[in-house]
Amino acid sequence: MKFLVVVAALVLVAGASSVYEEWQKFRWDHEKTYSSLVEEKRRFSIFQKNFIEIQEHNEKYERGEESFAKKVTQFADMTQEEFLDLLEPQGVPALPSNAVPFDNFEDADIERDGVDWREKGAVTPVKDQGDCGSSWAFSAVGAIEGQYFKENGSLLTLSAQELVDCSTGWYGNNGCGGGAIDYAFNFVQHEGIQTEETYPYQARRTSCIKSDYFVTRVKTCVSLSDERELARAVSKYTLVF
């Protein structure tokens, strides 16, 4: 019995050591510093919980019980509530959409067997928005990228950073503080949008870089009211947000 207790204790120590090593690597990789020792201990406790959850999830993935794997990211020292608060747009009022009602597009047939635009090449790779509340910008460019592919047969990665920097002020968005997809579409309709290559993502709001160069504009957008309209829209217009 004593032998079993000692073995169990050694396993626990080894596990704790592994988590601490990952914590040190996490802090180094993401240049993490904290305001006090108390805050650092709190963040380590959160990281430890998240790290163990990631390991348990990935064990299920290896057994075929999950369809995706997880890994440690720069958000691993945050609680779920803190992470959701980071992504939640702040200070951007809801606006009545002036989009064209989808009822005007009765010719859109529904793909009965479903449609996956990733298989058709209309979806760019997953992006990392970093510590910036810019999900609205990535949603907007994702929809435009899909429609551009459908119309032109080529896939471009468009600049979310341009929306973060430039669709503020009169256009109504608030950079990393949140925004509305409607406002982003309105900006692209009037100003056009550049590619990620010419206006790369910074994960923070920077000075707007004005340019006469752009690759596409939004002509119009449609509003949806129910799941049937959503299905018709996805069938005809690729990505929908």
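Residues are numbered from 1 along each chain as its sequence is written. In this predicted model, local features require pLDDT of at least 70 and side-chain atom pairs pLDDT 80 or more, whereas totals for chains, interfaces and linings use all residues; side-chain values rest on heavy atoms, with hydrogens and water left out.

The secondary structure comprises seven helices and two strands, taken as DSSP runs numbered from the N terminus (helices: H or I, at least four residues; strands: E, at least two). Along the sequence, these elements follow the pattern α-α-α-β-α-α-α-β-α. Of the 241 residues of the chain, 33% count as buried, where buried denotes under 20% relative accessible area, exposed over 50%, and partly exposed the range in between (1.4 Å probe, protein chains only). A contact is defined by heavy atoms within 4.5 Å. Among contacts in the chain with a separation of 6 or more, 70% are between residues 24 or more positions apart.

A nonpolar core is a set of buried Ala, Val, Leu, Ile, Met, Phe, Trp, Tyr and Cys residues joined through side-chain atoms within 4.5 Å. The largest such core has 23 residues, and Trp 136, Leu 163, Phe 185 and Val 188 have the most contacts inside it. Two or more residues of this core come from each of helix H4 (135-152), helix H5 (160-166) and helix H6 (181-191), with H4 providing the largest share, seven residues. A second, separate core of six residues includes Val 19, Phe 26, Phe 47 and Ala 76.

In H6, the residues Ile 181, Tyr 183, Ala 184, Phe 185, Phe 187 and Val 188 are buried, and the buried residues of this helix pack against H4 and H5. Beyond neighbours within four places in sequence, Val 188 contacts Ile 144, Leu 163, Ile 193, Thr 216, Arg 217 and Val 218. H6 is followed by Gly 192, which has a positive phi near 75°.

Arg 217 lies in the loop between H6 and strand E2 (222-223). Arg 217 counts as partly exposed because its relative accessibility is 43%. Although 29 residues separate Arg 217 from Val 188 in sequence, their C-alpha atoms are 5.4 Å apart. Not counting residues up to four places away in sequence, Arg 217 touches Val 188, Gln 189, His 190, Glu 191 and Gly 192. The Arg 217 side chain reaches the backbone oxygen of His 190 at 3.3 Å.

Thr 168 is situated in the loop between H5 and H6 and is buried, with a relative accessible area of 14%.

On a 1 Å grid over the protein atoms alone, a pocket is an open set of points where a 1.4 Å probe fits, with protein on both sides within 12 Å along at least five of seven lines; lining residues have an atom within 4 Å of a point. Of the 19 lining residues, Ile 54, Lys 71, Thr 73, Phe 75 and Phe 83 are the closest to the pocket centre. Helix H2 (37-62) and helix H3 (80-87) each give two or more residues to the lining, and H2 gives the most, with five residues.

Terms used: Polar contact = N/O pair within 3.5 Å; in protein donor to acceptor, adjacent residues only side chain to side chain.
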